[in-house]
Amino acid sequence: MTIEAASSLHRPIKIWTDSLSSLMAILNPKSHHSMVREIQTLLLSHKHIHLRWLEAHVGYLGNESSDQLAKESITNGDPFFLPNPLFYLKSEIRSAALSIWQDNWDNGETGRSTHDIVSRISNKPVGWNREEIMFVAGHGPFPSYLHRFNLRTHDNCSRGEKGDPLHYARKCRFTLSWHFQTPTMSLKLHWLKNILTNNLSRTRLLLLMRFICDENNLIVEDNN
């Protein structure tokens, strides 16, 4: 090992490497890897040895020669390996997990109404309350939702119209106090995004959903 060879010299020594991950592993005081711990001990005992980083593949003769020797060592079945730092591994795992999650979200068969609004996966919460989630997802005491699970014989409201979230937000006579301006179908998505980003609209939506939940027997009465 280079550091062991340099430890017998009694003058300042600089050891250059293009492996930033190896340097980060050596700088990690919490590393449990035996080779890393050995290197850390040597460096603490021989303070005249200093590790430095240089950019790879830019024409440094010594670095190019060491790369060639490393390739030959790997070819001969004797690779020299240092693990990546823990923070790097965590970052790679997080990135891979988010990528898989995004692919599943884009190609899934459920949650499409929510996907239209939140298309990009993130590990940060969107900040919606329970009522907003129910409205966007269409889950809750809506005839359209209950009918999907055979909990009602039809998906109509008490007046014979389809009882989905948009109906109660725009047309139902019982929820008139909390009605929103009726959007055209082409602007429905834009309309819903605006509601969820406007504090006054979110408050109205919250009151609407609470009324629907509290007065469910009134507004979705099954007349059939």
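On a 1 Å grid over the protein atoms alone, a pocket is an open set of points with protein on both sides within 12 Å along at least five of seven lines, and its lining residues have an atom within 4 Å of a point. Grid points are joined across faces, edges and corners, and a volume is the space filled by probe spheres set on the points.

The structure is a predicted model, in which local features need pLDDT of at least 70 and side-chain atom pairs count only at pLDDT 80 or more, while totals for chains, interfaces and linings use all residues. Residues are numbered from 1 along each chain as its sequence is written, and side-chain values use heavy atoms, with hydrogens and water left out.

## Overall organisation

The chain contains 12 helices and 2 strands; these are DSSP runs numbered from the N terminus, with helices (H or I) of at least four residues and strands (E) of at least two. In order from the N terminus, the elements run α-β-α-α-β-α-α-α-α-α-α-α-α-α. Of the 224 residues, 32% count as buried. Buried means under 20% relative accessible area, exposed means over 50%, and partly exposed lies in between (1.4 Å probe, protein chains only).

## The second largest pocket

The second largest pocket holds about 380 Å³ of space. Its lining comprises 18 residues, and Ser113, Phe135, Val136, Pro165 and Lys188 lie nearest its centre. Helix H6 (112–117), H7, H8, H9 and H10 each give two or more residues to this lining. The largest share, 4 residues, comes from H10.

## Nonpolar cores

A nonpolar core is a set of buried Ala, Val, Leu, Ile, Met, Phe, Trp, Tyr and Cys residues joined through side-chain atoms within 4.5 Å. In soluble globular proteins, nonpolar side chains tend to be buried together. The largest such core in this model has 22 residues, and those with the most contacts inside it are Phe135, Phe180, Trp191, Leu196, Leu205, Leu208 and Met209. At least two residues of this core come from each of H7, H9, H10 and H11, with H11 supplying the largest share, 5 residues. Another core, of 6 residues, lies apart from it and includes Ile15, Ile26, Ile39 and Leu43.

## Salt bridges

A salt bridge is a side-chain nitrogen of Lys or Arg within 4 Å of a carboxyl oxygen of Asp or Glu. By this rule the model has 3 salt bridges, which are listed below.

| Arg210 | Glu131 | 3.9 Å |

Glu131 is buried at 13% relative accessibility, whereas Arg210 is partly exposed at 44%.

Arg202 in helix H11 and Glu132 in helix H7 likewise link distant parts of the chain, at 70 residues apart. Here Arg202 is partly exposed at 22% relative accessibility, and Glu132 is buried at 0%.

Lys171 lies in the loop between helix H9 (165–170) and helix H10 (188–196), and Glu161 lies in the loop between helix H8 (143–148) and H9, so this pair ties together parts that are 10 residues apart in sequence. Lys171 is partly exposed with a relative accessible area of 44%, and Glu161 is partly exposed at 26%.

## Aromatic and charge-over-ring contacts

Rings of Phe, Tyr and Trp (its six-membered ring) pair if their centres lie within 6.5 Å; planes under 30 degrees apart count as stacked, over 60 as edge-to-face and the rest as tilted. The whole structure has 4 aromatic pairs. One of them, Trp178 with Phe211, is tilted, at 4.9 Å centre to centre and 40° between the planes. Trp178 lies in the loop between H9 and H10 and Phe211 in helix H11, so the pair ties together parts 33 residues apart in sequence.

A charge sits over a ring if NZ of Lys or CZ of Arg is within 6 Å of the ring centre and within 35 degrees of the ring normal. Arg112 lies over the face of Trp105, at 5.2 Å from the ring centre. The charged end of Arg204 sits over the ring of Phe180, 4.9 Å from its centre.

## A backbone feature

Asn150, a residue other than glycine, has a positive phi near 60°. Asn150 is placed in the loop between H8 and H9 and is exposed, at 68% relative accessibility.

Terms used: 1 Å grid on protein atoms, 1.4 Å probe; cavity = no way out; pocket = protein on both sides within 12 Å on 5 of 7 lines; lining within 4 Å.
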